[in-house]
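Good morning. Please have a look at it first.

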Amino acid sequence: MTEATIQFEAIKAGLKQSKDGYILTMAVHAVKLAGILCRDSDFWEWLHAKEWLMEKNERACTEWLISYLDIESRKELKMNEEARELFLRLKASFDRWRKP
């Protein structure tokens with residue numbers, strides 16, 4: 001068995017109790033989320049299947065995302081609301097595709 005680890009920074013958005021235990025809700029900033037997605041081989045596969053990404057690797061994915069969002073760096077997602085909204089719509093579409 002192999003273990004997968006994802007490192008990210010987040011803030012606690014909520015904590016509630018259910019019959020099964022506690023539910024922790026976290027908010028991850030779009031900049032960090034973009035970095036996580038650019039390292040995600042499933043995201044590469046999804047983009048490749050849509051014929052948006054030809055090379056399935058982090059560098060190519062990062063370059064494609066920057067071009068798609070019309071920004072110079074993922075850091076711009078902190079201040080550029082239009083690019084952030086476009087990114088979040090892209091991620092939502094990917095999430096719908098990823099769910100079984």
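A contact here means heavy atoms within 4.5 Å. Of the contacts in this protein chain between residues at least 6 apart in sequence, 38% join residues at least 24 apart. Keep in mind that this is a predicted model.

Now the layout. The protein chain has four helices and two strands, and along the sequence they come in the pattern β-β-α-α-α-α. There are 100 residues in the protein chain, and buried ones make up 30% of them. The chain exposes about 7,600 Å², with carbon and sulfur atoms supplying 50% of that.

Next, helix H1, residues 30-38. Why is H1 described as largely enclosed by the rest of the structure? Because eight of its nine residues are buried. Those buried residues include Val31, Leu33, Ile36 and Leu37. What do the buried residues of H1 pack against? They pack against three stretches: helix H2 (41-49), helix H3 (58-69) and helix H4 (81-98).

Cys38 is also among the buried residues of H1, and its relative accessible area is 0%. Cys61 is buried too, with a relative accessible area of 0%.

How many disulfides are there? A disulfide is a covalent bond between the sulfur atoms of two cysteines. The cut-off used is a pair of cysteine sulfur atoms within 2.5 Å, and by that rule the count is zero. For Cys38, the nearest cysteine sulfur belongs to Cys61, 3.9 Å away.

Note on methods. Residues numbered from 1 in each chain as written. Predicted model: local features only at pLDDT ≥ 70, side-chain atom pairs only at ≥ 80, totals over all residues. Heavy atoms only, no water. Buried < 20%, exposed > 50% of the residue type's maximum accessible area, 1.4 Å probe, protein only. Areas by Shrake-Rupley, 256 points an atom, 1.4 Å probe, with all protein chains shown as cover.
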